[in-house]
Amino acid sequence: MLVDSHCHIDFPELSGELDAVVAGMRENGVTHALCVSVTLEDFPRVRAVAERYPHVYASVGVHPDYPDVPEVTVGELVELARHPKVIAIGETGLDYYRIKGDLEWQRERFRTHIRAARQCGKPLIVHMREAAEDTLRIMGEERAGEVAGVMHCFTGTWEVAQAAMALGFYISFSGIVTFKNAVALKEVAKQVPLERMLVETDSPYLAPVPFRGKTNQPGLVRYVAEEVARLRGVSPESIAEGTSDNFFRLFNVKPS
Ligand SMILES: [Zn+2]
Ligand SMILES: [Zn+2]
């Protein structure tokens, strides 16, 4: 059993072949996946995927890399999160790498998501790129630890991982950990306690080695788990079991 804690199978690269994507999950022992929302405009598409496949779940949120979409309110997020297959708020967070300029709107949008998560009691999916200091500061100020969540596609340092875990957050590794040049991240993957770790694809992007550069899909999360296991000198089964248990616990999902 293995879970992909973060994918975008509603994106055009994969949405036309969803039955094949789900069959690919089965072939690789991937039992569940969380399809993550990036805008409110796309959210109905994400929700429809979760309604169609019993073991695919959804989140609701507006990604920090979308500057030109209408600003979401706490009330809208809480309302959309009432759907039984919506198990998280996000993805949200800060991205100082992709977007430049005055990013006060990103920080405000992030605060809105944390407030919504606290109001509806659902965990957060946090996207953080070259913005660790502000991300952690806002998480603290807004008391994100009350609902916790996941630092998805983690590429930060061990110190940043520790600070996020101190707030009750989980650390999720993507295909990046399989890349040869990800030397520092491989070290972090050795150190994060198994009971705080998740794995993900972020598909259709970031396909793991040996599929690097190709279209990614949830079944390939297996290669992420196998690399983490190799780095730690443990069995892939133990990583699969531990990260699956964490997913069910964090997102309050029944393992069946
Ligand atoms: Zn992201
Ligand atoms: Zn994503």
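Trainee: Why is H6 called buried?

Mentor: H6 has 1% relative accessibility, so H6 counts as buried, a term that means under 20% relative accessible area, with exposed over 50% and partly exposed in between (1.4 Å probe, protein chains only). H8, at 2%, counts as buried because of the same definition. This is a predicted model, in which local features need pLDDT of at least 70, side-chain atom pairs count only at pLDDT 80 or more, and totals for chains, interfaces and linings use all residues. Residues are numbered from 1 along each chain as its sequence is written, chains are lettered from A and ligands numbered from 1 in the order in which they are written, and side-chain values use heavy atoms, with hydrogens and water left out.

Trainee: Which residues coordinate the zinc ion (ligand 2)?

Mentor: H6 (NE2), H8 (NE2), E91 (OE) and D202 (OD) do, at 2.0 to 2.5 Å. Donors are N, O and S atoms within 2.8 Å of the metal (3.2 Å for Na, K and Ca); water is not among the atoms, so sites may look incomplete. E91 also bridges to the zinc ion (ligand 1), and the two ions lie 3.5 Å apart.

Trainee: What makes the arrangement around the zinc ion (ligand 2) irregular?

Mentor: The 4 donor atoms subtend angles of 86 to 177°. Four donors count as tetrahedral if all angles lie between 85 and 135 degrees; four count as square planar and six as octahedral if opposite donors are over 155 degrees apart and all others between 65 and 115; anything else is irregular. The angles therefore make this arrangement irregular.
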